[in-house]
Amino acid sequence: MSRLGQHLAGGLDPVRLAAKIGMDCDPWPSEVLRNPHQRELLVVHRQGGKSAVAAVAAVHAALYTAGALVLVVSPSQRQSQLLFHTIITLYRSLGRPVPAESENVLSITLENGSRIIALPADAVTIRGYSAVTLLIIDEAAFVPDDTMAAVRPMLAVSSGRLLAMSTPFGRRGFFYQASKSKEWRVTTVTADQCPRITKAFLEDERNALGHWRYRSEYMCEFVDIAGMAFDSDDIAAIFTAGQLGAIPPGALFGGPSPSPRPMAAIAPVSRPQTRCHGSQTGGHLYRDGRCVWCGTDQPILTAVGGGS
């Protein structure tokens with residue numbers, strides 16, 4: 001196929017664009033690239049290929065949509081620059097099919113008017129861009145909510161695409177809320193689904209990182225941040241009518257108060273208390289019934305008094 005033919009084929013199929021530089025796409029990147037969604041959420045494990053997929057999407061938009069504006073946003077300028085470097089490496093590997101008018105370490109402008117710009121997640125200084133074609137949010141679970149509020153209006157006029165990608169970081173913030181929203185197409189890929197990562201490596205990581213961090217970084221689970229005093233599900237249940245232990249409607253903001261009830265005393269079932277050998281203080285940090293550091297079972301709590 002001629003160079004022009006390859007260029008046209010890449011415009012029709014982003015996966016072919018990736019194949020030109022020897023990038024083999026797994027099934028999930030192929031779906032994301034060939035059938036783009038306006039609101040795309042990639043909940044993908046560490047070293048799962050998120051940056052490569054974003055780079056292909058960015059280069060494809062810049063090459064084949066004249067005047068496109070692609071913004072790359074990360075928690076820090078350094079992180080945005082790293083992803084931008086991946087994008088520029090891909091563009092150069094393709095032979096610069098559309099020449100650049102200007103290029104530096106944080107941005108590139110092509111002769112067709114398209115621009116790719118790398119920015120830090122600063123809610124104040126990021127304002128000012130409009131008619132964005134593709135907005136890429138890297139490490140989105142760590143990007144502040146006020147930054148997301150600042151960048152979303154940039155897509156209003158252009159009906160642009162928002163691609164957010166990250167591993168989870170607790171049940172909090174924009175990324176967690178988006179994972180439960182019908183507005184977003186959510187693609188979840190765990191490390192045990194990646195043929196390039198061995199079971200032995202994952203087992204070593206589980207032992208090194210501990211239960212909570214391993215589940216977040218490699219299994220892509222939205223779990224409560226280690227060290228929280230209360231489970232987020234328990235907190236949510238307090239404010240959900242019909243849940244056991246929920247606060248009656250009106251109790252917090254006026255209205256009739258429930259009749260007082262004697263509180264039951266809570267005491268642990270008798271069990272020898274062990275010292276945690278995985279923490280500096282010797283105290284256990286329990287999550288899901290076990291210590292996240294040493295795996296010791298959490299003592300069971302039981303009510304030993306109170307009225308009904």
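Predicted model: local features only at pLDDT ≥ 70, side-chain atom pairs only at ≥ 80, totals over all residues.
Reader: Which residues of the largest nonpolar core touch the most other members?

Author: A nonpolar core is a set of buried Ala, Val, Leu, Ile, Met, Phe, Trp, Tyr and Cys residues joined through side-chain atoms within 4.5 Å. Buried means under 20% relative accessible area, exposed over 50%, and partly exposed in between, with a 1.4 Å probe and protein chains only. Here the largest nonpolar core has 38 residues, and L42, V59, I87, I116, L134 and I136 touch the most other members. Helix α4 (residues 50-64) gives the most to this core, with ten residues. A second, separate core of 29 residues includes A141, V143, M148 and A164.

Reader: How many residues of α4 are buried?

Author: Helices (H or I, at least four residues) and strands (E, at least two) are DSSP runs, numbered from the N terminus. In α4, twelve of the 15 residues are buried; among them are K50, V53, H60 and L63. The expected span of a helix is 1.5 Å times one less than its number of residues. From first C-alpha to last, α4 reaches 21 Å, close to the 21 Å expected.

Reader: Why does V59 count as buried?

Author: V59, found in helix α4, counts as buried because its relative accessibility is 2%. Contact means heavy atoms within 4.5 Å. Not counting residues up to four places away in sequence, V59 touches L17, I87, L90, Y91 and L94. The C-alpha atoms of V59 and I87 are separated by 6.6 Å, although these residues stand 28 residues apart along the chain.

Reader: What is the order of the strands in the open sheet?

Author: Two strands pair if DSSP finds at least two bridges between them. The open sheet has eight strands in the order β3-β4-β5-β2-β6-β7-β1-β8, with mixed pairing. Its edge strands are β3 (100-103) and β8 (185-189), each pairing on one side only.

Reader: Which strands does α4 lie across?

Author: Axes are lines fitted to C-alpha atoms, for helices over the stretch in contact, and angles run from 0 to 180 degrees between N-to-C directions. Helix α4 lies across β1, β2 (69-74), β4 (107-110), β5 (115-120), β6 and β7, running at about 160° to β7.

Reader: Which way do the residues of β6 point?

Author: In a regular strand the side chains alternate between the two faces of the sheet. From β6, L134, I136 and D138 point one way and L135 and I137 the other, and all are buried. L134 touches A57, A58 and A61, including also L163 among its contacts, not counting residues up to four places away in sequence.

Reader: In which sense does β6 pair with β7?

Author: Strand β6 (residues 134-138) and strand β7 (residues 161-166) pair in the parallel sense over five bridges. I136 stands opposite L163 in β7, and the bridge partner of I137 in β7 is A164. On the way from β6 to β7 the chain passes through helix α6 (residues 145-151), in a right-handed β-α-β crossover. Right-handed means that, with the strands pointing away from the viewer, the path from the first strand over the helix to the second runs clockwise. Strand β6 is also joined to β2 by four bridges, and these two run parallel.

Conventions
Residues numbered from 1 in each chain as written. Heavy atoms only, no water.
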